[in-house]
Amino acid sequence: MEEPLVPLVPMSHTAHIRSHRKPRRSASKMAMRAGVAGGILGSVAVAGASASANAAEPVTQTIELPTLTADVASQVAQSADAMQQTAANYELQAERDAATAKAAKQAAADLKEAKAEAKKKAEAERRAAAERATRSAERTTLTSTSTSTSVSAPASGSVATVLAFLKAQVGDAYVLGATGPNAWDCSSLVQAAFKQVGVDLPRVSQDQSMQGTEVSLSNVQVGDILYWGSKGSAYHVGVYIGGGQYLDAANPSKGVVIQDLSGYPASGAVRVL
């Protein structure tokens, strides 16, 4: 017996696979979501309208600064004045310091220049004195060899030696207490001159005025010792070189010089040669 035919129904090739479609949402969930979305859109619309309104009318904000009181303004002004005065004082002090330094520098330069000038002047005076002494010595030599009866020529070679030594010292300095060879006082020069011929004289003028033989000034001869002051207490001595002149260590300003006896007359004279 033939088996009945069963009709075949064509099936989709994915019929055996479970549906990939998402399950349908319930009506309540869809309604809720629609409400939320509506609310959000409503809020956005309101915010947009508000922003549009605000953009149409620009907002101006005024910030008020604190107002300075009169006291604060006065203090600020006083502080500024004080700072300005301080700056001016500093500037003035700096100018004074600079002026003082400049004056000190100039004074030092002036002092140095003055010393140099004084040294040059002293040297010039010394040379001039030496030249005058040389001329005076030459005049004395001429006078000594003349026929004048008022001048006595050296009596011996000893006197000539004394005079030669004395004239060689003309131009030397006068220094109280000095004994040569380039500086003398009055009595040390006389002592050294007579020592050249073996005559030992005391060191000081008071004692030298007591040596040898007393002679009157009218009879004085070349080589005699002249003294000023009283005999035994003389304060100055020199040696007569003829022609009314004498040679001595005069003083710090003159040094060893030849001078005219008429300008400074002696008190007395002694002869030791």
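Residues 24 or more positions apart account for 54% of the contacts with a separation of 6 or more in this protein. The model is predicted. The protein has five helices and eight strands. Along the sequence they run α-α-α-β-β-α-α-β-β-β-β-β-β. Of the 273 residues, 25% count as buried. The exposed surface comes to about 19,600 Å², and carbon and sulfur atoms supply 58% of that area.

**Nonpolar cores**

- The largest nonpolar core has 28 residues. Leu 189, Phe 194 and Leu 247 have the most contacts inside this core.
- Six elements each supply at least two residues of this core: α3 (157-168), α4, β4, β5 (236-242), β6 and β7.
- Helix α4 gives the most to the core, with six residues.
- Phe 194 touches Val 162, Val 199, Leu 201, Gly 223, Ile 225, Val 239, Val 272 and Leu 273, leaving aside residues up to four places away in sequence.
- Another core, of nine residues, lies apart from the largest one. Val 215, Trp 228, Tyr 246 and Leu 261 are among its members.
- In soluble globular proteins, nonpolar side chains tend to be buried together.

**Helix α4**

- Helix α4 spans residues 186-195, and eight of its 10 residues are buried, so the rest of the structure largely encloses this helix.
- The buried set is Cys 186, Ser 187, Ser 188, Leu 189, Val 190, Ala 192, Ala 193 and Phe 194.

**Aromatic pairs**

- The structure holds three aromatic pairs.
- The ring centres of Trp 228 and Tyr 246 are 5.1 Å apart, with planes at 50°, so this pair is tilted.
- Trp 228 sits in strand β4 (residues 225-228) and Tyr 246 in strand β6 (residues 245-249), so the pair ties together parts that are 18 residues apart in sequence.
- Trp 228 is buried at 1% relative accessibility. Tyr 246 is also buried, at 0%.
- Trp 228 pairs with Tyr 264 too: the centres are 5.3 Å apart and the planes lie at 15°, so the pair is stacked.
- Tyr 264 is in the loop between β7 (256-260) and β8 (268-271), whereas Trp 228 is in β4, so this pair ties together parts that are 36 residues apart in sequence.
- Tyr 264 is partly exposed, at 35% relative accessibility.
- Ring pairs join Trp 228, Tyr 246 and Tyr 264 into a cluster.

**Salt bridges**

- The structure holds three salt bridges.
- Arg 203 and Asp 185 meet through their side chains at 3.0 Å, N to O. Arg 203 lies in the loop between α4 and α5, and Asp 185 in the loop between β2 (183-184) and α4, so the bridge ties together parts that are 18 residues apart in sequence.
- Arg 203 is partly exposed at 28% relative accessibility, whereas Asp 185 is buried at 6%.
- Lys 231 and Glu 214 form a salt bridge at 2.8 Å, N to O. Lys 231 is in the loop between β4 and β5, and Glu 214 in strand β3 (residues 213-215), so parts that are 17 residues apart in sequence are tied together.
- Lys 231 is partly exposed at 39%. Glu 214 is partly exposed at 40%.
- Arg 271 and Asp 224 form a salt bridge at 2.9 Å, N to O. This pair links distant parts of the chain, 47 residues apart: Arg 271 is in strand β8, Asp 224 in the loop between β3 and β4.
- Arg 271 is partly exposed at 22%, and Asp 224 is buried at 2%.

**Buried glutamines**

- Gln 208 is found in helix α5 (residues 205-208). Its relative accessibility is 0%, so Gln 208 counts as buried.
- A polar atom of the Gln 208 side chain lies 2.8 Å from the backbone oxygen of Pro 202.
- Beyond four places in sequence, Gln 208 touches Ser 187, Val 190, Gln 191, Leu 201, Pro 202, Arg 203, Val 237 and Val 270.
- Gln 259 belongs to strand β7. At 15% relative accessibility, Gln 259 is under the 20% cut-off and so counts as buried.
- The side chain of Gln 259 makes polar contacts with the side chains of Asp 248 at 3.1 Å and Lys 254 at 2.9 Å.
- Residues touching Gln 259, beyond four places in sequence, include Gly 244, Gln 245, Tyr 246 and Ala 250.

Definitions and conventions:
Residues are numbered from 1 along each chain as its sequence is written. This is a predicted model: local features need pLDDT of at least 70, side-chain atom pairs count only at pLDDT 80 or more; totals for chains, interfaces and linings use all residues. Side-chain values use heavy atoms; hydrogens and water are left out. Buried means under 20% relative accessible area, exposed over 50%, partly exposed in between (1.4 Å probe, protein chains only). Helices (H or I, at least four residues) and strands (E, at least two) are DSSP runs, numbered from the N terminus. Rings of Phe, Tyr and Trp (its six-membered ring) pair if their centres lie within 6.5 Å; planes under 30 degrees apart count as stacked, over 60 as edge-to-face and the rest as tilted. A polar contact is a pair of N or O atoms within 3.5 Å; within protein, one must be able to donate a hydrogen and the other to accept it, and residues adjacent in sequence count only if both atoms are side-chain atoms. Contact means heavy atoms within 4.5 Å. Accessible areas come from the Shrake-Rupley method with a 1.4 Å probe; for residues, only the protein chains shown count as cover. A nonpolar core is a set of buried Ala, Val, Leu, Ile, Met, Phe, Trp, Tyr and Cys residues joined through side-chain atoms within 4.5 Å. A salt bridge is a side-chain nitrogen of Lys or Arg within 4 Å of a carboxyl oxygen of Asp or Glu.
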